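Please read the numbered points with the sequence and the model side by side.

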Amino acid sequence: MDQRAVVIGAGMAGLAAARVLSERFAQVLVLDRDELPGEPVPRRGVPQGSQPHILLAGGMRTFDELFPGFEAELIAAGGTKFDTGLGLCSYRMGRRWPSAPTGVSLVAATRPGIEAIVRSRVTALPNVTIRDRVAVSALAGSATAGVTGVVLDDGETLTADLVVDCTGRGARSDRWLAVLGLPTPAQLEVKVGVSYTSRLYRRRPGDLTDWSAIFILPTPPGEHVSGLALPVEGDRWLAGIGGWHVTEPPADVESFEDHARGLPDPILSDLLDRLEPIGDLITTRFPSSRRRLFEDVREPPPGYVALGDAVCSFNPIYGQGMTCAALSALALGRALDEHGRLAPRAFYAAAAQILDVPWSFAVGGDFSFPQTTGPRPRGFAFRRWYSRRIALASQIDSGVNATFARVQHLIDPPGTLMRPAFVLRVLRMARKRARGSGPVR
């Protein structure tokens with residue numbers, strides 16, 4: 001029997017979900033209210049699309065699994081690949097991280113460039129149709145039948161055996177589910193007050209000696225502003241200045257450059273002084289991180305799942321969103337294979353396990369700033385204490401840095417950081433770093 005899945009939203013989460021569903025449904029229909037561009041350019045439905053994005057190494061592996069050759073295609077389109085320990089100049093807590101290989105690589109590219117390649121791959125799938133300029137106004141179904149489709153703005157109802165909500169952090173599905181008498185999840189919200197401004201610059205060989213990219217993080221509670229420069233496609237630099245609880249983000253060139261000069265490491269400011277700007281300043285605000293606890297809903301609605309930012313929207317400074325969306329899409333495929341109509345319950349349990357670690361990392365970092373408000377994760381005080389010691393140790397011990405990088409990039413499980421030998425090494429090296437001594441190992 002032919003079955004149809006409808007995906008609401010053609011962003012990274014929706015496209016990854018469509019790829020997974022294409023192997024399990026006869027028809028997959030992806031709907032998006034934007035006019036989807038033919039070129040890799042920012043679009044209205046992704047308001048942060050012009051800002052710097054990082055696809056973590058775990059996400060790159062997952063997209064390469066979903067779309068074989070994806071990494072090579074991204075590099076061919078102009079993405080820049082580098083080892084995070086050798087190519088990324090990282091600064092925090094008064095010191096740069098060591099220039100030593102981690103074995104964890106990034107490919108720097110713009111969000112529109114990444115999305116354009118994924119959308120092209122999904123469009124080529126024979127049983128997937130993407131319809132743009134189509135807005136969903138409601139879910140179809142009932143309290144007894146669950147979700148049976150979607151209702152469009154023009155009143156048309158499209159039936160579906162599964163609806164996947166990938167409409168992002170502004171998802172209206174709580175209201176849609178409530179109208180049908182279906183349960184809705186509780187929500188966590190952590191107010192981080194993040195603002196960030198970016199600008200494009202022309203890139204030439206030799207712009208940045210010894211490094212490929214820059215990432216400067218503040219040391220809380222006294223510092224709040226971060227800086228980033230990524231080598232992206234089109235021989236361009238994408239530079240960003242942002243931070244936590246910044247009341248007045250840089251809105252003009254003079255302020256942008258002043259914020260860069262105020263960073264604790266001059267490398268970004270020195271770079272910008274040498275570059276030719278080729279774009280306007282773009283500012284985005286991110287008031288809070290949100291997580292909808294679908295895993296706690298006793299009887300999640302059949303015929304419906306939420307995925308991506310519609311479930312968990314992280315502080316974007318940590319670059320976790322695209323990776324978590326891709327991993328969650330794979331988890332949805334496994335849940336459908338193993339549980340059929342009961343897949344929503346199994347999927348949300350699996351998604352929660354995927355999200356727990358990056359949520360704890362992000363929220364734990366956010367609560368290092370006293371202005372952050374909201375529910376603190378369990379074990380927050382210990383995590384903050386231990387995370388700081390890992391960071392200190394990794395500044396002088398490349399082995400600790402490499403291990404931590406694999407967990408940060410969602411390659412290795414977090415339990416790796418709690419192995420006795422690793423804990424002892426961290427504590428020993430952190431003490432040495434705190435005393436201001438210790439060469440890079």
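1. A residue is called buried when its relative accessible area is under 20%, exposed when that area is over 50%, and partly exposed in between. The structure discussed here is a predicted model. M93 has a relative accessibility of 11%, and therefore counts as buried.

2. The backbone at M93 deserves attention. Most residues other than glycine have a negative phi. M93 is not a glycine, yet its phi is positive, at about 55°. This residue belongs to the loop between strand 4 (88-92) and strand 5 (95-96).

3. A second residue of this kind is L410, which has a positive phi of about 60° although it is not a glycine. L410 sits in the loop that runs between helix 11 (398-408) and helix 12 (420-434). Its relative accessible area is 18%, so L410 is buried under the 20% limit.

4. What angle do helix 11 and helix 12 form, and how far apart are their axes? The angle is about 125°, and the axes are 10 Å apart. Helix 11 is therefore oblique to helix 12. The crossing of helix 11 past helix 12 is left-handed.

5. In the contact itself, helix 11 contributes G399, V400 and T403, which meet F422, R425 and V426 of helix 12. By class, the residues of this contact comprise 3 nonpolar, 2 polar and 1 charged.

6. Another helix pair is formed by helix 1 (residues 12-21) and helix 4 (residues 111-123), which pack at an angle of about 25° with their axes 10 Å apart. Because angles under 35 degrees count as roughly parallel, helix 1 is described as roughly parallel to helix 4. Helix 1 passes helix 4 in a left-handed crossing.

7. Which residues bring helix 1 and helix 4 together? From helix 1 these are M12, L15 and A18, and from helix 4 they are R111, I114, E115, V118, R119 and V122. This contact has 6 nonpolar and 3 charged residues, with no polar ones.

8. The burial of helix 1 should be read alongside that contact. Helix 1 is mostly covered, with 10 of its 10 residues buried. Among them are the contact residues M12, L15 and A18. The buried set also includes R19, together with A13, G14 and V20.

9. In general, most peptide bonds are trans. The bond joining P220 and P221 is cis, with an omega of about 5°. P221 is placed in the loop between strand 13 (213-216) and strand 14 (225-232).

10. How many disulfides does the structure hold? The count is 0. C166 is in no disulfide, and the nearest cysteine sulfur, which belongs to C324, is 14 Å away. C166 has a relative accessibility of 10% and therefore counts as buried. C89 is buried as well, at a relative accessible area of 1%.

11. The loop between strand 2 (27-31) and helix 2 (57-66) contains P42. Is P42 buried or partly exposed? At 48% relative accessibility, P42 counts as partly exposed. Beyond its neighbours within four places in sequence, P42 is in contact with S50 and P112. P42 lies 200 residues from G242 in sequence, and the C-alpha atoms of the two are 19 Å apart in space.

12. S50 is found in the loop between strand 2 and helix 2. Not counting residues up to four places away in sequence, S50 touches P42, S198, L238 and I282. S50 and T283 are 233 residues apart along the chain, while 9.1 Å separates their C-alpha atoms.

13. Leaving aside neighbours within four places in sequence, its contacts are D174, L177, A178 and V297. Between T184 and R292 there are 9.0 Å from C-alpha to C-alpha, and the two are 108 residues apart in sequence.

Technical notes
Residues are numbered from 1 along each chain as its sequence is written. This is a predicted model: local features need pLDDT of at least 70, side-chain atom pairs count only at pLDDT 80 or more; totals for chains, interfaces and linings use all residues. Side-chain values use heavy atoms; hydrogens and water are left out. Axes are lines fitted to C-alpha atoms, for helices over the stretch in contact, and angles run from 0 to 180 degrees between N-to-C directions. Helices (H or I, at least four residues) and strands (E, at least two) are DSSP runs, numbered from the N terminus. Angles under 35 degrees count as roughly parallel, over 145 as roughly antiparallel, 65 to 115 as roughly perpendicular and the rest as oblique. A crossing is left-handed if the near helix is turned anticlockwise from the far one by less than a right angle, and right-handed if clockwise. Contact means heavy atoms within 4.5 Å. Ala, Val, Leu, Ile, Met, Phe, Trp, Tyr, Cys and Pro count as nonpolar, Asp, Glu, Lys and Arg as charged, and the others, Gly among them, as polar. Buried means under 20% relative accessible area, exposed over 50%, partly exposed in between (1.4 Å probe, protein chains only). A disulfide is a pair of cysteine sulfur atoms within 2.5 Å.
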